[in-house]
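Colleague: I have not looked at this one before. Can you put it up and take me through how some of its helices pack?

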Amino acid sequence: MDLKAQLKAAVEAAAQQLGMTVDAAIQETPSTKPGDYGTPAAFQMAKAAGKNPAEVAAALAQAIVLPAGIKKVEAVGPFINFFLDVGAFVRGVVEQPFQMPQLNGKVVIEHTSVNPNKELHVGHLRNVVLGDSMARIFRAAGHTVEVQNYIDDTGRQAAESIFAMQHYGRIWDEQTKYDHWMGEGYVQLNADPQKAELEPQISEVMHKLEAGVLRPLVEQTVKAQLETCFRLGARYDLLNWESDVVGSGLLGQAMNILESSTYTSRPAEGKYAGAFIMDVSEFMPGLEEPNVVLVRSDGNAMYAAKDIGYQFWKFGLFEGMKFKPFMQDPEGRDIWTSAPDGQADEGRRFGHAEEVINVIDARQDHPQTVVRSALGVAGEQEKKERSIHLSYAFVTLEGQTISGRKGHVVSADAAMDEAQKRALAELAKINPELAARDDAQEIARRIGIGAMRFAMLKAEPTRKIDFRWEQALALNGDTAPYVQYAAVRAANILRKAQEAGYATDGTGADWDALPEIDLVLAKQVAKLPEIVAQSVRVHSPHVVAQYALDLATSFNAWYNAKTKQGKPATNVLQSEEGLREARLALVARLRTAFEETLALIGIEIPAAM
């Protein structure tokens, strides 16, 4: 029930009737002001027409045809305030499905992209959770979403882990998770005082990786890493391997496009003599050095050139990659991979995005801006504007900095094990009967994983996070368990109502009996489509996480409300007939809103708490 959109349309239609145009903003009125929604549209209209704002507001209020759910409209000085019909509004929220934003177009979201040489640590989880949540939210808003995971199989980290396996004669015991085992070798090598002397042999491994000879070893590590991501709730459509990106000629095709730009050149003299450079001063003003070297004078491409080629391919500026199925996710969906022995993408299955979102940490802010600017250099201004870097700050664990090279990490797998273990312990403290249930481990898993995801999402991505167990698993405060508990409380009300034989679908409801306190809760429930649209607009899931907290807080305030005499004001099952059924229908809609909201950020609701 998008009543704000209806009010906006009604105000704009009334303005036209008065011979004026306006882009009407509809806002919730402050709690200290009369009405439920308001608009300052008369200000804009009066300014354009040179009239008195209060007079324009009065005329506009007279001309507005009120949509269903609005009881009356008043001009208060230069403002126009709308008053909701409590019963009609709540009934509309209950009976009408949410009208999510009807956006379209394909969005490619790249996330995870962990070096395939070791296990994921807890710091990586922020990337995975941010990207996965963005994919869920953009799909809910109507977009076609393709999730990509970039595999750097030719990098030094992969080479070092493989070299360590060979050099130290390490043999996998088939018991230790494979990515953890590979990571142990990586740490051992970087602690070896003789490492500098081993550089020539490490380089040989790197050459073998570039030739694709050692790819099966890397694939085994990637599959183990994906098990971790699946456990966290993430899903993928395509794995793109660096060796394939380089080998398929994407870099050369991108350089050909840039060659024709007036912003690129090959200087014959000076410090850039013989190099292929790109002037980004128009797109990145204020740089001390505006020239970016794409290809050195010796013909070797810089790292930025590869990233530019890959970004151009994501937007469909050229073809060249081949693909085949790689594995299936837990739901049985195929995950595809780039592959030299794959099939050409004649059906344009992959890439060809209208918007690209790269989830990469803040250290890559400058390189990502260069990649974005390259689209402007190529004359693709619209694609430049829709090339998004979802930048995020680092995660510390209990105040400690994470370092994979030195082995100062807590693995993502161990963190998830710990989360479930601690959640189960908390359940045993709060309610020993719950901890003894057959599904206690599943309840603990949902609480634990939910707590970890929420802790990574609740703040804006650019803010640093210090993950602390006690805070993340608390039943009070800005945590997933706080929201999950509210959702379980709503489910318990509905369960007790059904056991008593009461209808929860609105049958027999007396909507007119609902007081203002129920309206406040219904208004919060109705915000979800607006929240989804906002999250898409700002490219961050923290908006949805904060809304989940607001929804839980509103429900708890409603649930615990007291009359002036200090008695419960909203005891649903004790409400008089008709009011009881209306409230049960509202609680049922609230429960659905909890499910829909938490699903957008990949959090499941436990059966009990």
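Colleague: Which way does H4 pass H20, left-handed or right-handed?

Modeller: The crossing of H4 over H20 is left-handed, meaning that the near helix is turned anticlockwise from the far one by less than a right angle, clockwise being right-handed. Helices here are DSSP runs of H or I with at least four residues, strands are E runs of at least two, and both are numbered from the N terminus. This is a predicted model, where local features need pLDDT of at least 70 and side-chain atom pairs pLDDT 80 or more, while totals for chains, interfaces and linings use all residues. Residues are numbered from 1 along each chain as its sequence is written, and side-chain values use heavy atoms, without hydrogens and water.

Colleague: At what angle do H4 and H20 pack, and how far apart are their axes?

Modeller: About 35°, with 9 Å between the axes of H4 (residues 86–95) and H20 (residues 516–525). Axes are lines fitted to C-alpha atoms over the stretch in contact, and angles between N-to-C directions run from 0 to 180 degrees.

Colleague: Which residues in H4 and H20 meet?

Modeller: From H4 there are Val86, Phe89, Val90 and Val93, and they meet Glu516, Asp518, Leu519, Ala522, Lys523 and Val525 of H20. Contact means heavy atoms within 4.5 Å. Seven residues of that contact are nonpolar, three are charged and none is polar. Ala, Val, Leu, Ile, Met, Phe, Trp, Tyr, Cys and Pro count as nonpolar, Asp, Glu, Lys and Arg as charged, and the others, including Gly, as polar.

Colleague: Next pair. How do H5 and H21 pack?

Modeller: The angle between H5 (residues 124–140) and H21 is about 125°, and their axes lie 10 Å apart. The two helices are therefore oblique to each other: under 35 degrees is roughly parallel, over 145 roughly antiparallel, 65 to 115 roughly perpendicular, and the rest oblique. The contact joins Met134, Ile137 and Phe138 of H5 to Val532, Ser535 and Val536 of H21. Five of these residues are nonpolar, one is polar and none is charged.

Colleague: And what about H19 and H22?

Modeller: H19 (residues 480–499) packs on H22 (residues 542–559) at about 45°, with 9 Å between the axes. H19 and H22 are therefore oblique as well, and H19 crosses H22 in a left-handed sense. Among the residues in contact are Tyr482 and Arg489 of H19, and Phe555 and Tyr559 of H22. The contact has 10 nonpolar, two polar and one charged residues.

Colleague: What lines the largest cavity?

Modeller: Thr112, Val114, Asn149, Ile151, Val222, Gln225, Leu226 and Cys229. H9 gives the most, with four residues. The lining has five nonpolar, three polar and no charged residues.

Colleague: And which residues lie nearest the centre of the second largest pocket?

Modeller: Asp2, Lys4, Ala5, Pro529 and Glu530, out of 24 lining residues. The second largest pocket has a space of about 440 Å³. H1 (3–17) and H21 (528–538) each give two or more residues to its lining, and H21 gives the most, with five. By class, that lining has 13 nonpolar, three polar and eight charged residues.

Terms used. On a 1 Å grid over the protein atoms alone, a cavity is a set of points where a 1.4 Å probe fits but cannot get out, and a pocket is an open set with protein on both sides within 12 Å along at least five of seven lines; lining residues have an atom within 4 Å of a point. Grid points are joined across faces, edges and corners, and a volume is the space filled by probe spheres set on the points.
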